[in-house]
Amino acid sequence: MSLALRDLRSKSLLPGTSACPGCPENMAMRMVGMALGNDVVMVVVAGCSSVIQGIGPKNAYGYPVLNIAFAAGSAAASGMWRALRQRNKDTTVVVWAGDGGTADIGFASLSGAAERNENFIYLCVDNEAYMNSGGQRSGSTPHGAVTSTTPEGKKENKKELLFLMLDHHIPYVATASVGYPHDLIDKLRRAKNIEGFRYIQVLTPDPYGWLFDPSRTAEVAKLAVQTCYWPLIEVSHDKVTVSNESLHCLKKETRRPLRDFTSLQGRYKRLSEQDFQELEKYVDYLWDRISKLMD
Amino acid sequence: MLPNYQFFPVSHPEEGAGGKTGNWRVVRPEVTSKCIGCNACFLWCPEGTIMVKGNKAEVNYVYCKGCGVCANVCPVKAITMVSEA
Amino acid sequence: MRSSLEIRFHGRGGQGVVTASNLLAVSAGLEGLYSSAFPIYGAERRGAEIESYCRISDSPIRETSPIEEPDVVVILDPTLLKISNPLKGLKKEGKVLLNWKQVPPNLSSKLFLVDATGIAIEHKLVKSGWPLVNVVMLGALVKVLGTPSLDSLKTAIDSEFSESVAELNKKAVEVAFNRVMEVGSVVA
Amino acid sequence: MRKIISGNEAVALAVKLARVGVVGIYPITPQTTIIEELAEMKLRGEVSADVVRVESEHSAMGVTLGAAVSGVRAFTATSSQGLLYMHEMVWWAAGSRAPLVMVVATRAVGAPWNIWNENTDFMSERDSGWIMAFASSPQEALDLTIQAFRVSEDPRVFLPMMVGMDGFVLSHTKTNVYIPSQEDVDEFLPPRRQPYVIDPETQESMGNIFQPFDYMKLRHSIHESIESSQDVIREIGREYEKLNPLSDYKTLNVEYKLEDADYAVVTMGAWSLDAMEAVDRLRQEGVNVGLYRVRYIRPWATDEIMRALGDKKGVIVFDRATSLGRGGPLYLEMKATIDSPVKGVVTGLGGVSIGKKDFYHVISKSIEEFRFKSFREVEWYYPGEVKEVELGTPRSSI
């Protein structure tokens with residue numbers, strides 16, 4: 001799965017954005033550009049990306065963007081692709097939302113659009129908290145993570161959007177990580193050629209919310225996959241594929257220790273032994289369910 | 001024939017929408033002769049400010065924020081972070 | 001001077017009271033008259049008392065409020081006479097059209113009777129066990145009112161129902177038109 | 001063509017005639033039959049619009065806005081709680097300067113549950129930056145909905161437009177409606193115009209962060225657009241008379257027997273017609289009274305209103321809506337516009353039925369009060385037996 005450089009020109013993001021240094025969402029946005037080409041419009045819901053675009057009348061994103069209220073991304077995209085189709089355009093419509101806009105406030109409109117099998121790609125950039133407003137807990141925050149609203153460490157597990165979206169019977173569901181650009185780019189390219197609702201959730205480790213050195217963003221994104229905290233999986237028309245980078249996770253014995261992932265991050269500073277076991281149980285459970293999917 | 005009171009918050013793609021972000025930098029990436037032009041830095045640069053030209057990575061210092069991701073992902077450690085001080 | 005008619009329908013939820021007033025309005029509209037029809041709005045359920053209204057005029061209708069002093073009261077279900085007063089506010093010379101076989105006691109008004117239930121059953125206009133008397137009553141009503149014509153009513157029925165249902169209803173309204181009887185002012 | 005149809009059917013027909021591209025629909029009484037009718041039309045192949053059955057009103061406006069900014073005519077409709085749930089998106093649509101049209105079949109706002117007519121839902125959006133018209137008949141609901149697309153897509157305006165109509169009283173009343181021909185509507189509505197299009201060809205984006213100065217400039221621009229829309233509405237209204245020769249849209253608002261009147265009644269919506277009956281009766285009795293029907297809440301026709309009402313000895317404003325703690329919104333607007341004595345009457349809330357007799361009673365009583373210069377600023381009027389005094393605030397004696 002190698003991609004030549006000429007395939008990887010990206011016009012989705014122009015230098016001089018308002019993102020924090022080391023921003024994983026910017027990485028993902030550039031990869032979207034590498035994958036999808038130019039015939040793309042975006043709906044960006046409230047979140048870091050509303051700010052990252054910079055100050056109007058300039059825009060750091062190379063794609064036309066409709067910025068919209070927090071809960072309205074999937075709805076707006078539903079109207080947009082229909083309007084473009086009526087105007088005989090083959091444009092790919094992409095919703096770009098964070099985990100708050102996906103798992104929490106935007107979930108009703110996401111679920112509605114998925115149930116209607118609307119024809120667009122929904123990209124959730126999951127940094128596991130409300131990072132734009134200062135790192136508050138979201139439904140996607142993992143067990144044990146300290147956030148500005150869970151200073152004690154979150155007591156509940158991460159909401160399983162992967163499985164929730166699978167239960168919507170949509171043609172394409174995938175997870176990816178900015179640690180593995182080729183995997184993400186391949187998935188986006190496959191998704192582009194599928195009609196109907198396509199959901200991709202990309203892990204975007206945030207150095208400022210997860211509390212690690214920003215130079216290590218890509219490294220943490222890889223570690224999440226290697227320690228099997230984050231799966232790379234694709235379900236395309238019910239065909240389940242676990243990416244090569246994640247195959248070792250199917251067996252518990254071959255997984256890299258979860259500590260290698262958690263110990264790098266300040267957000268797990270309050271992680272007790274019991275919390276850690278809870279997190280490990282979560283990983284076991286995750287892969288049990290994935291194994292069952294593959295049967 | 002748009003009346004002069006009309007104003008629409010429309011924006012267009014342009015570099016530097018967040019300002020001259022090179023000013024944010026406290027450490028700068030410097031590409032040494034060890035560079036093999038593999039494009040890892042290009043792939044992961046969050047700002048799109050590093051490009052391989054003629055088998056060697058070049059940094060756009062106008063906008064590079066000095067996050068150090070490029071140095072971290074370089075497989076041959078060809079990028080060193082140098083203080084701006 | 002404007003000439004206008006105000007008709008109030010009384011029935012139970014599920015009897016098609018609203019459809020009746022709508023169809024009357026449509027029939028009048030077909031003759032170039034002004035008309036308006038609307039029900040008492042609410043979350044009425046099957047069996048509950050229901051009122052709907054129809055105004056017919058030769059000039060534009062301005063009033064939008066429920067009819068308090070009707071020229072004609074149409075009662076689709078005689079049992080309503082026991083539980084409420086459908087005749088409230090009826091004008092002095094006002095008329096009552098009642099779906100019943102017999103003359104009710106204590107009904108002080110110019111009364112017209114038609115056995116719409118019987119006619120509905122005769123014409124197999126029954127749904128979920130309930131005779132569909134609403135349209136049948138209109139056949140009698142246009143006779144009582146003198147306007148709109150039976151033909152306009154039939155045209156309105158064609159626009160409202162599928163062909164087979166329309167045919168049954170058109171036959172039924174004709175029967176009702178011919179069978180309605182004036183029983184005169186009944187004074188208690 | 002003339003037909004006996006309901007207000008909701010009239011609106012659905014207007015949407016069809018305007019060749020709308022995308023309709024976002026979500027049910028709520030009493031608006032629902034609009035969207036049911038549209039879905040039926042779609043099934044019968046009478047409209048080519050995409051009818052999107054969304055999962056909430058918030059999404060209904062999301063779909064409508066998304067379609068509008070990407071280049072097609074878009075429409076939605078709602079009522080009451082639905083409009084309130086949509087509120088955020090209503091503002092977003094105006095800030096995005098998106099030409100689109102929404103019909104609001106008005107209904108009271110909970111709690112408690114009440115499905116009957118009241119205009120507070122509609123009136124509560126008057127600061128949102130929309131053009132807002134209110135119909136008084138199913139005919140006007142159809143006419144204003146067609147005109148709304150034209151107004152909304154005019155470069156001097158470029159704002160969404162909301163058409164209100166009284167829930168049930170208009171939405172469900174079947175009456176005579178003149179339906180213009182498709183050819184006439186096609187000629188009346190030019191091809192879609194909008195300030196920008198979200199499309200790879202244009203590379204235009206909408207709504208990222210703007211600096212405070214620019215933000216204020218945008219708000220000012222919306223304000224100016226609403227003000228300037230008065231001329232646009234009058235111009236379009238005159239042109240609309242070609243479609244419906246019996247219509248009168250030369251002015252934003254409508255006067256009735258006002259010219260020589262000493263006293264004026266101000267109303268909005270369906271009950272204006274009932275009030276006209278009362279005015280006629282009072283005229284017969286020699287009372288010098290006329291009526292002013294507000295058709296546009298935004299723009300607010302200050303000049304028209306000052307000309308019509310500026311010299312009256314007393315103006316009685318009927319509100320079927322509240323700005324709780326201050327009376328009725330129409331009363332407040334009127335009071336801020338003219339120097340004549342203004343009395344506000346709040347009534348007809350939550351479906352309380354008000355007919356010509358009630359108008360006759362309140363108007364004659366109020367005129368007496370004006371004559372003795374002892375009118376109450378805001379009166380809550382209950383028809384029938386309920387005594388207002390029962391609801392008076394008890395004053396503590398300690």
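Two chains are in contact here when heavy atoms of one lie within 4.5 Å of heavy atoms of the other. This is a predicted model, in which local features need pLDDT of at least 70 and side-chain atom pairs count only at pLDDT 80 or more, while totals for chains, interfaces and linings use all residues. Residues are numbered from 1 along each chain as its sequence is written, chains are lettered from A and ligands numbered from 1 in the order in which they are written, and side-chain values use heavy atoms, with hydrogens and water left out.

**View 1. Who touches whom among the chains.** Four pairs of chains touch, and the pair with the most contacts is A and D. Chains B and C don't touch either: their closest C-alpha atoms are 41 Å apart.

**View 2. Chain A by itself.** Look for 11 helices and nine strands in chain A (DSSP runs: H or I of at least four residues for helices, E of at least two for strands). With a radius of gyration of 18 Å, close to the 19 Å that the globule rule gives for 295 residues, chain A is as compact as a globular protein of that length (the radius is taken over C-alpha atoms, and the rule is 2.2 Å times the number of residues to the power 0.38). Its C-alpha trace spans about 60 × 45 × 40 Å along the principal axes.

**View 3. The two domains of chain D.** Domain 1 of chain D covers 2-243 and domain 2 covers 254-380, bounds that come from an automatic or database domain assignment. Their C-alpha centres are 28 Å apart. Where they meet, 29 residues of domain 1 contact 24 residues of domain 2.

**View 4. What gets buried between those domains.** The two domains of chain D bury about 2,200 Å² between them, 58% of it on carbon and sulfur atoms (accessible area, 1.4 Å probe, lost on being put together and summed over both). On the domain 1 side, D:M123, D:R126 and D:S136 lose the most area, together 26% of what that side buries.

**View 5. Charged partners across the domain interface.** Four salt bridges cross between domain 1 and domain 2 of chain D (a side-chain nitrogen of Lys or Arg within 4 Å of a carboxyl oxygen of Asp or Glu). One salt bridge joins the side chains of D:R126 and D:E333, at 3.5 Å from N to O.
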